[in-house]
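Please have the sequence and the structure in view while I talk.

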Amino acid sequence: KRNEDTRRLFRIYSGLLEFPIVVLARNSQIRSDLWLRNGRGMFDMVLNYSEPHFCKALRDADLALVQFAFIGLSSLGQRELDASTTDKKVQVRAFSCANLVNLFLHRFGIFDFAGFLKAPHQYTDRYYSDIKEGYYPPEKQTDADLNSLPWTYSATNDPVRHKSMLEEFLYTMIILVTELFAPPPVDAEGAARQAKLRLRREIVHRLASGPKAHSELAEVHHVLPMRDNMVLAEEGKLVNPDDATGAALEAALVEVADCKSFQGKSDKWELQRWAWNEYDPAFFHLSLRQHQNASEVRPNSLDSKDRSITAMPYAPFPPPAHRSFTRLRRDITSDSAIIAVIYRALHVHCRDVVGEDDKFVNSVDNCVSESYQTDAMSETILGRVIHLLTLGTYAWESPLAEKSECWSDDGGGDVGSV
């Protein structure tokens, strides 16, 4: 009965994982200017799905469901799954981060564009042998005399659209690594501390895109968890019982911003210079336009009086995560497919281009050569690659949890991990 329960859990978690990934992929396709024939209404749906304040119940919930389903699947032991059936045709293998990344690559339609090879095409004899053994079903036959090989899904043949989908894929991986479930507070003081930190993080990023009035910043409460809003309201009552929410917001603003007065206009809050160290260039509650504004107004070391240059990390340290979900950071950043995508992106953008006599590009398949075209290059891809490498550094420099018996208990070391 335990094995039957394990199989049932595997099917449930697999279903929970599949549908949010499909929705995230379609959302990314529309953001990449696909499905234009559906009109502007489709773009409005995407804005409601992925930007505040509706994103809390839509996009954020789908991302959390993907994380939850992956942790559930990775907790199922391979031996229990294999022992759950005696039928050789329906053997079930363990689920690792390699399965998750592979699923994202196929649903986003960039498997070929990222330079990956299909195993059935490389090992044809073994593929047909495994089909005869019943490990997986065959493809539908297009010709009665010929066997069909699997194909990969892609929503477009345009390298520019593929480039945009690769940007979306890297962005999704960054969010999955950064935005994890928070650790449970041990007492009321801990709950208040966590709520204040999340409020401060939202305020810093709202102000990063430009000065904001107090009324504009009040919207951050729409994307905070209900528990945080209740805790902040209780804290605010101690300062101003008539406007508890506003008092909590005011206390957080004083820590990271300065109030500037403008003649004939309402006062606006401006982010203090030191607070820019907490700015995340891929924060998921800001739109692309807001991040572009932040990159334009962000101060650099040359703006200071001493005009000295100080090296800073590309992204801040991610917020604390629940013990059960922390392994996602090591799993994803050490996955061989993710490392291969990162290497390919760096190779495309940083190698010496030799023009029409480029032997490397002329020797590879058409799908691979598309990623080396000038139109397929992007500073956004480079930035997100550096972001992922930074998150990997943070994840693997962090000490192991106290209850960990082996380093792989905190992530990494699974099938497909480097």
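Let me start in helix H7 (residues 124-133), where Asp 130 and Arg 126 are four residues apart, which means that about one helical turn separates them. Helices here are DSSP runs of H or I with at least four residues, strands are runs of E with at least two, and both are numbered from the N terminus. The side chains of Asp 130 and Arg 126 meet in a salt bridge, at 3.9 Å from N to O, where the term requires a side-chain nitrogen of Lys or Arg within 4 Å of a carboxyl oxygen of Asp or Glu. Of the two partners, Asp 130 is buried at 16% relative accessibility, whereas Arg 126 is exposed at 60%; buried means under 20% relative accessible area, exposed means over 50%, and partly exposed is what lies in between, with a 1.4 Å probe and protein chains only.

Before going further, a word on provenance: this is a predicted model, in which local features need pLDDT of at least 70 and side-chain atom pairs count only at pLDDT 80 or more, while totals for chains, interfaces and linings use all residues. Residues are numbered from 1 along each chain as its sequence is written, and side-chain values use heavy atoms, with hydrogens and water left out.

To stay with charges for a moment, the count comes to 17 salt bridges. One of them joins Arg 107 and Glu 18 at 2.8 Å, N to O, and because Arg 107 lies in helix H5 (residues 97-108) and Glu 18 in helix H1 (residues 2-31), this pair ties together parts that are 89 residues apart in sequence. Both ends are partly exposed, Arg 107 at 26% relative accessibility and Glu 18 at 22%.

Now to the overall picture. The chain has 18 helices and two strands, and buried residues make up 43% of its 418 residues. If we take contacts, meaning heavy atoms within 4.5 Å, between residues at least 6 apart in sequence, then 73% of them join residues at least 24 apart.

In soluble globular proteins, nonpolar side chains tend to be buried together. In this model the largest nonpolar core has 82 residues, and those with the most contacts inside it are Leu 17, Phe 104, Leu 105 and Phe 169. Helix H8 (residues 159-178) gives the most to this core, with 10 residues. A nonpolar core is a set of buried Ala, Val, Leu, Ile, Met, Phe, Trp, Tyr and Cys residues joined through side-chain atoms within 4.5 Å. If we leave aside its neighbours within four places in sequence, Phe 104 is in contact with Ile 21, Leu 24, Val 66, Phe 169, Thr 172, Met 173 and Leu 176.

Two backbone details deserve a check on screen. The peptide bond from Pro 52 to His 53 is cis, with omega near 5°, and His 53 lies in the loop between helix H2 (40-50) and helix H3 (59-74). Asp 33, in the loop between H1 and H2, has a phi near 70°, a positive value in a residue other than glycine, and at 37% relative accessibility Asp 33 is partly exposed.

Cys 97 is buried, at 5% relative accessible area, whereas Cys 350 is exposed, at 53%.
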